[in-house]
Each structure stands twice: as C-alpha cells, then as structure tokens.
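Let's go through this one as a set of quick questions and answers. Have the viewer open and follow along.

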Amino acid sequence: MSDLPRKAVSRAAKLASLPLSAAGRATVGFGRRLSGQSAESVTADVQRRTAEQVFKVLGELKGGAMKFGQTLSVLEAALPEEVTEPYRETLTKLQESAPPMPSRTVHRVLAENLGQQWHSSFVSFDDEPAAAASIGQVHRAVWHDGRDVAVKIQYPGADAALRSDLNQVSRLGKALGSMVPGIDAGAMLDELHDRMLEELDYRLEADAQDGFAIAYEGDPEFAVPALVHGAKHVLVSEWLDGTPLSEVIAHGSKEERDRVGLLYVRFLFSGPERAGLLHADPHPGNYRVTPDGRLGVLDYGAVARLPEGLPPSIGRLISKALVGDKEEMLEGLREEGFIRPHITVDPEGLYEYLAPFLEPAATERFHFNREWMREQFNRINDPRRPGYSIGLKLNVPPAYLLVHRVWIGGIGVLSQLDAEGPYRAEFKRWVPGFDGP
C-alpha cells in the first residue's frame, strides 16, 4: 500500500467482501462436510480463514473499519468459546498492529505539520512504525531536548476514508454483527461515527492528554505520557515503555491480572473527578504495565469532557436498584431520558436487563470472567427471557453515550482479564451519589 485507500468505491468493495466471502466459505465448508470431513474441523478452518480476512481487510483499510474491529475485540469475552477461539488472536492483532505507511508518506505528513525542516525537531527518528492506531501510526524518536518520544502520525486521506468507512460499515452492520452474535452493530456504529470524526483533529487529543497528564503527574499508580507537541495531524508525547495489556490478559498470573484490573477500574472512575475527563476508548491496546508497575494509559482521542465529574444520577440509580427499589430506579431512568414517556417497562424485566451493570457493585468483591460475561449476553439476547424486550425499549441519551461505551467496554476487558477485586469500594470512592450496601 502506498497510501490509505481513499476512493469510496474501492473501500466499499473491500468492506463488502467480508460478508460475501464469509458466505462463500460457509458454502465450501458445507461441501467439504458432505465429502466426509468432520464438521468440527471444517468449521474451525472456516472461522480461522474468516478471522484472517477480517484482519486483512479492516487492518489495511484502517480508519473507521479498523475502529469497528477494535471495538469488537473489546467485547469478544461475551462470545461462545467455539466462536471466539479462532478470532481472538486475529482481533488482538487489530489492537496492536496494522500495515504501515511508506516512509515518504510519513515524511510528507511531518513536513506539513512541523514544517519543511521537521528533521531539526528530532535528534533521531525511526521510519519503522512502533505501533498502529485506527487513523494513524506511531513512530519512536528522540526530541531535540533529548527526550524519548512517541510521534503519532495520521494517515493521509483519513478524513475522507473515515467518512466513507462509517457510511459503508453502517450499511453492512447487520452482516458484520452476525459474525459476532449478541452485538448491536448498528448502535455501536452510530456512536462511533460521531466520536471518530472528533478524533481527526489531533489538537483536541493533545488538549485532553495534557489535561490527564497534569492531573496524574507523579501518580504512584498511573503513568500518563506528557504532551510534547500537538499539531492537527501529528502528536508528539513522551515515550512510555511497558507490557501491553493484551499480554497480561494472555499470560499474566492471577495476582497480576487482579491488580491490573483494579487499576484499570480506578483510572476510568477517577478521571472525571481528577481531570474532568473520562477516557472513552477502553480497548487493551491503549494500556501498558510499566516496568515500575504502574498502569500506563495511551491514546486520548476519544474522551468525554465532564468538568463537573460523573453525573450523580448514575450512582443514585445504581444504589436504588441494589437495595431493591426497582420502581424508583425505573422512574429515575425515565427522568434521565433512558425511557421515553410513552414507553411502558416492567420493573422486574428492567432489573434483569441491567444486572450486568449492577452485580459488580452488589458485593465487596466481584470476579469478572468470560463465563459470566457470556451469561449476561445470553440473558439479554434470548427472546424467551424478559430482558430481551427491555433492550428494545431503552434509549441512551446523548449525554451518556460515552459513559455507556466505557461501561460496556470496561466490563468486556475485565472479563478478558478474568479479574477479581473489591470493585464496590471503587464505586463508593469515585461515583457520585453511590451509597449502596
């Protein structure tokens, strides 16, 4: 690839290839079963090939398509193991890597944003990318003052490509969502559309990262890279060494996973109070465990600006539900706009639907794991159970969209971590209005 593909027709064709190819592989697999091959081996091979193509297409297109893949990877803990296993490695790749831009393209973007003499800003600059993001890639360099830095560079044409991706993937949402049952791809894409367009201007991200860095400067538990320089399509931050969270998920000991899970929750909950900001992109690719044991947090392109902190209504509503005051919980959700005035909702069914949000705060300690996550998704996606119809009646108000995204994504990551810890204490410490048992 010489550049990020920009033509809508070309990108739409690549995205359309996902469900079409999946259908073709399923047909071939059926033929192989008729020829005597075992259903298990054929299914595993079809799923592996589909996963490989998902990574190839979404990874090469980057932009909104890759962001869609990253969001799916956060929620993979909810899927049945026989579906998840062939996808897990591929989706993890989406969190950590993507095909790189050529050096000449990188240099052109640097010249446009830092000036024709951009080389003078660095003692050294590594043309080989160290990591990839959804709309850019990261290079390691040494700033002119001797600091090791990470230089995030946006892919040329990301704006047009992103808009095209989001339009095309929205049309394919149902087909793509069918690859990962239980995910409301349409709702997820609607929310991603608005947030991703904001991420195109790295100056907004620079402002958010600077806010977090100031609030957490010198913190013994968290590492936020200091902002060095911010331009529209180039962002320079201090370099942060560490072990990717995906590695902790895959190979960490129980003690390591429990500790990281608690820090993960503490960072997400404390941001609104300490910085007036909520980090709203919870997938594992944005987190590192530093050599000194802190939780390092990267990528501040998606944030919710909450100068007054988290809305107190969240804590109050959870507290009402935990003490069994289901009618008041229902009325509170109606007042906040989660239930429209003309909609009738059964309080018991609503309580069952919201159980995934409530259980971690119901006891002193809670154990997130894949089995629990799958049970929650089965519970709210089974038409035979009362929670299923509740989901169709709920509405997430605009002011809560990012909070909702973080909450769902965070639960997914904690379930991947298989983390156990005293999460109710974190609720009490950081969530305004929460005074549950």
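Q: Which residues are linked with Lys254 and Asp258 in a network of salt bridges?
A: This is a predicted model, where local features need pLDDT of at least 70, side-chain atom pairs count only at pLDDT 80 or more, and totals for chains, interfaces and linings use all residues. Residues are numbered from 1 along each chain as its sequence is written, and side-chain values use heavy atoms, with hydrogens and water left out. A salt bridge here is a side-chain nitrogen of Lys or Arg within 4 Å of a carboxyl oxygen of Asp or Glu. Besides Lys254 and Asp258, the network holds Arg365 and Glu420.

Q: How many residues apart in sequence are the parts that Glu420 and Arg365 tie together?
A: The closest N and O atoms of this salt bridge are 3.9 Å apart. Glu420 sits in strand β14, while Arg365 is in the loop between α15 (355–358) and β13 (366–367); helices (H or I, at least four residues) and strands (E, at least two) are DSSP runs, numbered from the N terminus. So the pair joins parts separated along the chain by 55 residues.

Q: Is Arg365 buried, partly exposed or exposed?
A: Buried means under 20% relative accessible area, exposed over 50%, and partly exposed in between (1.4 Å probe, protein chains only). Arg365 has 46% relative accessibility, so the label is partly exposed.

Q: How far apart are the closest N and O atoms of Arg266 and Glu221?
A: Arg266 is in helix α11 (residues 254–275) and Glu221 in the loop between α9 (202–215) and β5, 45 residues apart. Arg266 is buried at 12% relative accessibility, while Glu221 is partly exposed at 26%. The closest N and O atoms of this salt bridge are separated by 2.7 Å.

Q: Which strands stand at the edges of the open sheet of four strands?
A: Two strands pair if DSSP finds at least two bridges between them. The order is β5-β11-β10-β8, with mixed pairing. Each edge strand has a single partner, so one side of each is left without a neighbour in the sheet: these are β5 (222–223) and β8 (243–244).

Q: Which residue in β11 stands opposite Arg288?
A: Strand β10 covers residues 287–289 and strand β11 residues 295–297. They pair in the antiparallel sense over three bridges. Opposite Arg288 is Gly296.

Q: What is the mean pLDDT of the protein chain?
A: pLDDT is the predictor's confidence in each residue, from 0 to 100, and 66% of the residues reach 70 or more. Over residues 1–9 the pLDDT is below 50, though this stretch has 26 contacts (heavy atoms within 4.5 Å) beyond near neighbours in sequence. Where pLDDT is low, the predicted coordinates should not be read in detail. For the chain, the mean is 78.
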